[in-house]
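Dear colleague,

Please find below the structure that I am handing over to you, followed by an account of what was found in it.

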Amino acid sequence: NITANDNSKFAFYLSTNVARFGILLITIFFSQVFISIYRYASRMSDFHYARADTLELLAPMESDAFLKNLEMVAKVLLPENIDFSKQSKISTDQLLKTVQSISTKEV
């Protein structure tokens with residue numbers, strides 16, 4: 001015998017759990033969005049600090065040499081060279097191969 005009280009308890013638990021999972025999914029979504037925004041902002045700030053450092057290094061030069069050197073490094077200074085994708089994790093096999101290739105080049 002299922003009573004009306006049992007049905008109302010079930011509906012209450014169902015709605016409570018749906019709300020909990022909904023809030024959890026929304027929290028995960030917004031945290032991923034904020035992490036992506038943080039990653040973008042930190043890479044752009046690194047880019048602009050690198051650009052400022054380069055311009056400070058080129059500043060003491062005479063105007064002709066400054067413009068010539070600025071043209072050479074302009075390709076490096078362009079923001080389209082920035083990779084905004086997620087950083088891939090290096091597997092141990094790749095790390096070992098890299099270390100071995102470096103050690104064989106040194107010998």
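**Findings**

The chain contains 3 helices and 0 strands, both taken as DSSP runs numbered from the N terminus (helices being H or I of at least four residues, strands E of at least two), and from the N terminus on its elements follow the order α-α-α. This is a predicted model, in which local features need pLDDT of at least 70 and side-chain atom pairs count only at pLDDT 80 or more, while totals for chains, interfaces and linings use all residues. Residues are numbered from 1 along each chain as its sequence is written, and side-chain values use heavy atoms, with hydrogens and water left out.

As for pLDDT (the predictor's confidence in each residue, from 0 to 100), the chain has a mean of 78, with 78% of its residues reaching 70 or more; among the elements, helix α2 (residues 63-77) has the lowest mean, 70, and α1 the highest, 87.

Of the 107 residues in the chain, 7% are buried, where buried means under 20% relative accessible area, exposed over 50%, and partly exposed in between (1.4 Å probe, protein chains only). Among contacts (heavy atoms within 4.5 Å) with a separation of 6 or more, 60% join residues 24 or more positions apart.

The accessible surface of the chain comes to about 9,700 Å², of which carbon and sulfur atoms hold 65%; such areas come from the Shrake-Rupley method with a 1.4 Å probe, and for residues only the protein chains shown count as cover.

Finally, Phe29 lies in helix α1 (residues 4-58) and counts as partly exposed because its relative accessibility is 48%.

With regards
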